[in-house]
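Subject: Structure handover

Hi,

Here is the structure for you to look through. Please open it alongside this email.

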Amino acid sequence: MININKQNYVTKAASHYRRLFSLPSHVTLLLITAIVNFSGSWIAFQLTLSLRPLVFGGLVLTLSTLAADAILSTFIIAKDLVFTRRRISGISFFVCLIWVIILVVGSLIQLTFNTENILIYASFFSASTGFAFRTLIFAVISTLKKWESALAIGLQPSFYLLSLFFFWDINFTTNNIVFATLTSTIILCSSTLIFIKLINAKGNQAIGIGAITLFKHFLLNWIANINSSLETHFEKIGIETQTIISLLAFKKKDFVESILVVPMIHPGPFKNVGSSDLPYQIQTALKTRFNNIVAVPHGTCSHESNLTSQKQCDKVVNEVIKLSQQLPKYSSLASKLIRVKKNSAQATCQIFGDVALITLTFAPLGMEDVPKHIGLEIREIGKNLGFKDVIVIDAHNSISESNELQILTKDKLRSLVEVADQALNLAIKEKRFCFKMGIAHVTPQEFGNRSGIGSSGIVTIIITVSDQRVAYVIIDGNNMISGLRDQVLSSLNDLIDIGEILTTDTHSVSALQTIDRGYHPVGEALDIDILINYIKQAVNHALQCVGATQVSFLSREMKVKILSSKGLLDLSKLVEEIYNYVVKLSPILYIPSFSIAILLFITILFKI
């Protein structure tokens, strides 16, 4: 279970994600850059109506930037996954913005003190900041070769410098301005490299991974979906542990039509990293191999049970395939579904053969992950009652509007155990009947990861026991907005007697957009009426396919490498510590550096 102190670090670390941003379109960037360059030049030239600000903004700033970016994008990094034309233009825009600000400040100084040539000197000094800024950006993000990085850093400010010599009609072979600019460039770039080294050292000291290196690999995933480099770090800090995978297979005649797979593995941490898309991987593997319809609801586990890499996911998928080929004797008996409520906690229990299937929820109240130890405790309670085993599902079907994680307190966790205990005790007394099952799988075309629905879509399982119709609706998403679960169940009143709405907790829908929460829970960014129509279609289709069914169960422990509680805490602490360190280090390092660079620039220029 994540304690309060750990949760504070996790929440603070997650909050920094919203500081990321997306660039506008390439055409918009070019337009904004031109506007900034022309308007800045006009202000810098003291609002003169002459052609000089137009020439400066057009040729010196804009044309030199466009030419450098064109050469860079076409010949140097044309096949690079990260640095597209748009992103190169984005970097150049910020460089131009810095230059324009320095030019305007230089112009104001020149106007205030009635001193000649300050604007000229400011324009040359601004070139130094361009070299330094691009050094920082490409050192942090780039995976380019050294010569490619050198060109990426130097091309735009070099073209700008050459344009300055022509514009101001300066002989660069006889003027001290070349040496002054070179000196200030060396100072600012050296400061940037020191800045990077100090931040990297902070990460190495904390978890043995350079903080800049880790950040670079996170950006590579965020920008270009490259997960291998980030997973390499997770493999280093992860730990091996035992986890449990449970399968409930439903067979009609001689064909296993569907399999419910419940791994005690958290499908995170985000996008395509680690086990984020494990539910879809399991579903696809079994569908491809055996043509089963597969649902993978959320087992009881939290982020500390994230797998560290795709390598670990492959191990799990292969193990699930093996288990599906080793299913033991089938049973044709099941009980009716029992639902128990106590305060805000709810549990359902249904028996298949000699195995109990439990679901847990606090809906409509918000909740986050039910920790692993709660599932294990409920499992032991069931075994002590005489069940062969117990599958415990975290319904993960209600989250409040707050962006803070709704961590379950000890009292709430205890109430979940109590309602599950009561449900097991009631269910074991229920009469067993031969049952029927129907299943349907739909993939809504209108929705996708960005709207909160993962690639697994919606799977609906109908269980008919005696006169009771039960529906399990499994949606591939990361939680649901509060109230939606009850709304969906109400819409199914004419079709079923009782049921539960579950999500897989897939994190393939996470970290795709720079929104506060980092993802959309099911129902937040889609048309709910359309979603409910899809669910009703799936339920109707499953009802049409209902037939006599037998069930088999198999559970197995296996060794996997997970991020672990310590790994999660270390990473979360590092993010928060590095952020605070950067905030403190930046002025400490750069204010003296800029002061020294300006002082030496002036000293060399005027031979003081």
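Below is what was found in it, starting with the whole chain and then going element by element.

**Overall**

Please keep in mind that this is a predicted model. The chain holds 16 helices and 14 strands. Its C-alpha trace spans about 100 × 45 × 45 Å along the principal axes. Of the 608 residues in the chain, 58% are buried.

**Two helix pairs**

Start with helix α4 (residues 85-113) and helix α5 (residues 118-141). Their axes lie 8 Å apart, and the two helices pack at an angle of about 150°. An angle over 145 degrees counts as roughly antiparallel. α4 and α5 are therefore roughly antiparallel to each other. Their crossing is right-handed. The residues of the contact between α4 and α5 comprise 16 nonpolar, 8 polar and 1 charged.

Next, look at helix α7 (residues 177-207) and helix α16 (residues 564-606). Here the axes come within 9 Å and cross at roughly 165°. That makes α7 roughly antiparallel to α16. The crossing of α7 and α16 is right-handed. The residues of the contact of α7 with α16 split into 26 nonpolar, 8 polar and 2 charged.

Now follow the chain through a run of paired strands.

- β5 to β6: strand β5 (residues 338-342) and strand β6 (residues 345-352) run antiparallel, joined by 5 bridges. Lysine 341 stands opposite glutamine 346 in β6. The two strands form a hairpin with 2 residues between them. In that turn, asparagine 343 has a positive phi of about 55°.
- β6 to β7: these strands also run antiparallel, with 7 bridges joining them. Glutamine 350 faces leucine 357 in β7 as its opposite residue. This hairpin has 2 residues between the strands, and glycine 353 takes a positive phi near 65°.
- β7 to β8: β7 pairs with strand β8 (residues 389-394) in the parallel sense, over 6 bridges. Valine 355 has aspartate 389 in β8 as its bridge partner. Between β7 and β8 the chain passes through helix α12 (residues 372-385), and this β-α-β crossover is right-handed.

**How buried is β7?**

Which residues cover the two faces of β7 (residues 355-361)? On one side sit Val355, Leu357, Thr359 and Thr361, all buried. Buried here means under 20% relative accessible area. With 7 of the 7 residues of β7 buried, the strand is largely enclosed by the rest of the structure.

Where is aspartate 486 placed? This residue lies in helix α14 (residues 484-491). Aspartate 486 has a relative accessible area of 29%, so it counts as partly exposed. What is the C-alpha to C-alpha separation between aspartate 486 and proline 364? The two are 7.4 Å apart in space, though 122 residues apart in sequence.

**Where to begin**

For a first pass, I would view β7 together with its partners β6 and β8. Then turn to the α4 and α5 contact, and to that of α7 and α16.

Best wishes

Methods:
Residues numbered from 1 in each chain as written. Predicted model: local features only at pLDDT ≥ 70, side-chain atom pairs only at ≥ 80, totals over all residues. Heavy atoms only, no water. Axes fitted to C-alpha atoms, helices over the stretch in contact; angles between N-to-C directions. Helix = DSSP H or I, 4+ residues; strand = E, 2+ residues; numbered from the N terminus. Parallel < 35°, antiparallel > 145°, perpendicular 65-115°, else oblique. Left-handed = near helix turned anticlockwise from the far one by under 90°. Nonpolar A, V, L, I, M, F, W, Y, C, P; charged D, E, K, R; others polar. Pairing = 2+ DSSP bridges. Buried < 20%, exposed > 50% of the residue type's maximum accessible area, 1.4 Å probe, protein only. Right-handed = clockwise from strand over helix to strand, strands pointing away.
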